[in-house]
Amino acid sequence: MNAAIDTTPDQLGNEDALRDPSLYLNRELSQLDFNFRVLAQALDPQVPLLERLRFLCISCTNLDEFFEIRAATVRHAQDFGLPPAADGLSPTVVLNRIHDRAAELVDAQYKCWNEVLRPALNEAGVRVFGRGAWSARQTRWLRAYFRNEIMPVLSPLGLDPAHPFPKILNKSLNIVVVLKGKDAFGRAGHLAIVRAPRSLPRIIHLPSRVSGGENDFVLLSSVLSAFVDELFPGMEVKGSYQFRVTRNSEVVVDEEEVENLALALRDELVGRGYRPAVRLEIAQDCPKPIIRTLLQNFALPDNAVYLIDGPVNLNRVIQVYDLVQRPELKYPVFTPRTLRDSDAIFDKVDDGDVLLHHPFDAFTPVLELLKQAAVDPNVLAVKQTLYRTGKDSAIVDALVQAARNGKDVTVVVELRARFDEDANLGVADRLQEAGVQVVYGVVGYKTHAKMLLIVRREGKKLRRYVHLGTGNYHSGTARAYTDLGLITADADIGNDVHLLFQQLSGLAPSTKLKRLLQSPFTLHAGLIRKIEREAKLARTGKPGRIIAKINALNEPRLIRALYTASQAGVRIDLIVRGACALRPGVPGVSDNIHVRSIVGRFLEHSRIYWFGNDGNPELYCASADWLERNLLHRVETCFPILDPDLVKRVFREGLQNYLDDNQNAWALDADGTYHKVEPADGEAPYSAQATLLAGV
């Protein structure tokens, strides 16, 4: 991580001192470290075996995305000479440290697979056979499978002046083959590339009559390597080595210049899989000259290569989790709580605000709200933001039905939701075909807010019903992520949301909201004011207190405000799942700040901000993390919980519950490392997520 701290407390009494780079951790390296905590779940014998496999694969997929986005961003900064972040590290230094730390992570991942999980799975009757473990019968069956199912779709390419190095798709499985001899045209063999089409399954399920077991598997990469010689008859295969290249996957569209964002984005997506390379993974026994050739072809430096002891696409083993029906090797299935009287959702909300804590509370009330609005003759209009929705979304179905039933439906579809761009283009097309007014948000600002507004006639008045959330309108993530949602008919909140939708459609100036804070206008400044208020209370001898649960933190001005509050005596607890650039526990600066990360069965995704406010606490939920992009360059919503009983519930379930966790918590130390929190002597084990599940 960053260099050791050498700043003394006497030097830290002013704003300039709090800009000292030694007080900030690097966001990219901190994000990378999160995956070590995910991998720790894969190594935990208390976690069911197939769930451990899932955590291993998640850490691999996360690392892919890290290189596609975060490492690619740093390389971009290096190429264009951009200044360093608050931590003061140059892009070149950060890239070097990324390589060193990522290499440690890759080594740990493959040790987990080769030495821990694969043997444990084998012992449990779930076998993933390597080439050296195939029986004669299995080899015969796999050779026939290769000839009948795989070879017909392969197009091996020999490299020569007429056949230059082919384009290699992002994260695709490939084999580089070393050949000796001459082909039918008398051409001398040297190197060939075999690309595995994405139509081929990466995991092959062996029939029980062949393998003797119900859950026996072989990786496609092993089969390709074993029988690749059949693709080059008359030539000798001297070696075959699997490799995979990861490319920059950030889609960039100059929104100020294009006339139609949707058309421009479609064009950009076509080339996403072939953007500049950022990482090369290759079998560890591959000769160095071949590695140099590949690095040169992909225009990569030497420290961008990772030597792999196993399948280069280890994350594909996640298919085993889905294919094996062994409930005892997975987390117990649970049924989330359902909302009483959700069949009359408007009447239910009339009785008071409804709080949903997913996945412990079902997502169905949100869907019911939309479904009932679609058919209710008193509903006049529906407005909604969509960031990620899923392929077959019941939310989209309800919006289409509402439009066909004559409601005025407006949907803000964020086309630039990373890795969901293509799906969101399809959603936008479908909505427009149904007569929905589709808006693509604001030029230069991603619409990350999660809000739904329903306008309903009740007697002689119009009433607004609102849903606001910390997560996406995606039923899948609602089962796998912890998130909070509020359904309310509060008039002030309803009017605020109405004004936000007017802004998004380009029909309203920046307007002061009564209840909500919003990015990019008032959320950042509002948070700093609330932090400064707690500091002022502490300076007058009153208890200052801040608790926040977020996914990431790097915004420098906010961090400086927290440091200043800590110096004033404010007790600050931050529950930060992933990257955290704030350095806690620095004497004289952040003594009163404690940071912890929770990693468990569900991905912690809810954002909650709590301020003590001299005994009159304020509690907000939000779509925004405390990142520079969220607070200053996105459209976000931050909404208060007004019902005192719901405030207590959110505090108990979403904050104190996680501060009490001594089973899944990791504490961040001043040097930037994390240590696992253990129960103190005489303290009973406590898991926040298990406690919430017990109440389901």
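Helix 16 is followed by G541, whose phi is positive, near 90°. This is a predicted model, in which local features need pLDDT of at least 70, side-chain atom pairs count only at pLDDT 80 or more, and totals for chains, interfaces and linings use all residues. Residues are numbered from 1 along each chain as its sequence is written, and side-chain values use heavy atoms, with hydrogens and water left out. Helices (H or I, at least four residues) and strands (E, at least two) are DSSP runs, numbered from the N terminus.

- Helix 16 covers residues 523-539, 17 residues in all, and reaches 24 Å from its first C-alpha to its last. That is close to the expected 24 Å, where the expected span is 1.5 Å times one less than the number of residues.
- The buried residues of helix 16 are L523, H524, G526, L527, I528, K530, I531, E534, A535, L537 and A538. Buried means under 20% relative accessible area, exposed over 50%, and partly exposed in between (1.4 Å probe, protein chains only).
- Helix 15 (residues 491-504) has 14 residues, and its first and last C-alpha atoms span 20 Å, close to the 20 Å expected.
- D490 caps the N-terminal end of helix 15, with a side-chain oxygen 3.1 Å from the backbone nitrogen of D492.
- Among the buried residues of helix 15 are I493, V497, L500 and L504.
- G506 follows helix 15 and has a positive phi, near 80°.

- Strand 25 (residues 634-640) is mostly covered, with seven of its seven residues buried.
- In a regular strand the side chains alternate between the two faces of the sheet.
- On one side of strand 25, R634, E636, C638 and P640 are buried, and on the other V635, T637 and F639 are buried.
- Strand 14 (residues 446-447) pairs with strand 25 in the parallel sense over two bridges; two strands pair if DSSP finds at least two bridges between them. K446 stands opposite R634 of strand 25.
- Strand 18 (residues 517-519) pairs with strand 25 in the antiparallel sense over three bridges. Q518 has T637 of strand 25 as its bridge partner.
- Strand 24 and strand 25 run antiparallel and are joined by three bridges. Y620 stands opposite P640 of strand 25.

**Residue L517**

- L517 lies in strand 18 and is buried, with a relative accessible area of 12%.
- Leaving out residues up to four places away in sequence, L517 touches T522, L523, K530, Y620, E636, T637 and C638. Contact means heavy atoms within 4.5 Å.
- The C-alpha atoms of L517 and Q78 are separated by 35 Å, and the two residues are 439 apart along the chain.

- Three strands form an open sheet in the order 1-6-5, with mixed pairing.
- Strand 1 (127-129) and strand 5 (203-205) stand at the edges, each with a single partner strand, so one side of each is left without a neighbour in the sheet.
- Neighbouring strands of this sheet are turned by 35° against each other on average, direction ignored.
- Strand 5 and strand 6 (residues 216-219) pair in the antiparallel sense over three bridges, and I203 has L219 of strand 6 as its bridge partner.
- Helix 4 (residues 136-150) packs on the sheet, touching strand 1, strand 5 and strand 6, and its direction makes about 120° with that of strand 5. Axes are lines fitted to C-alpha atoms, for helices over the stretch in contact, and angles run from 0 to 180 degrees between N-to-C directions.
- Helix 6 (residues 220-227) also packs on the sheet, touching strand 5 and strand 6, with its direction at about 60° to that of strand 6.

**Aromatic pairs**

- The structure holds 13 aromatic pairs. Rings of Phe, Tyr and Trp (its six-membered ring) pair if their centres lie within 6.5 Å; planes under 30 degrees apart count as stacked, over 60 as edge-to-face and the rest as tilted.
- W141 and Y145 form a stacked pair, 5.3 Å centre to centre with 20° between the planes. Both lie in helix 4, four residues apart, about one turn of the helix, and both are buried.
- The rings of Y609 and W626 have their centres 5.2 Å apart and their planes at 50°, so the pair is tilted. Y609 is in strand 23 (residues 607-611) and W626 in the loop between strand 24 (618-622) and helix 18 (628-632). Y609 and W626 are both buried.
- F66, F67 and Y306 are linked into a cluster by ring pairs.

How values were computed. Polar contact = N/O pair within 3.5 Å; in protein donor to acceptor, adjacent residues only side chain to side chain.
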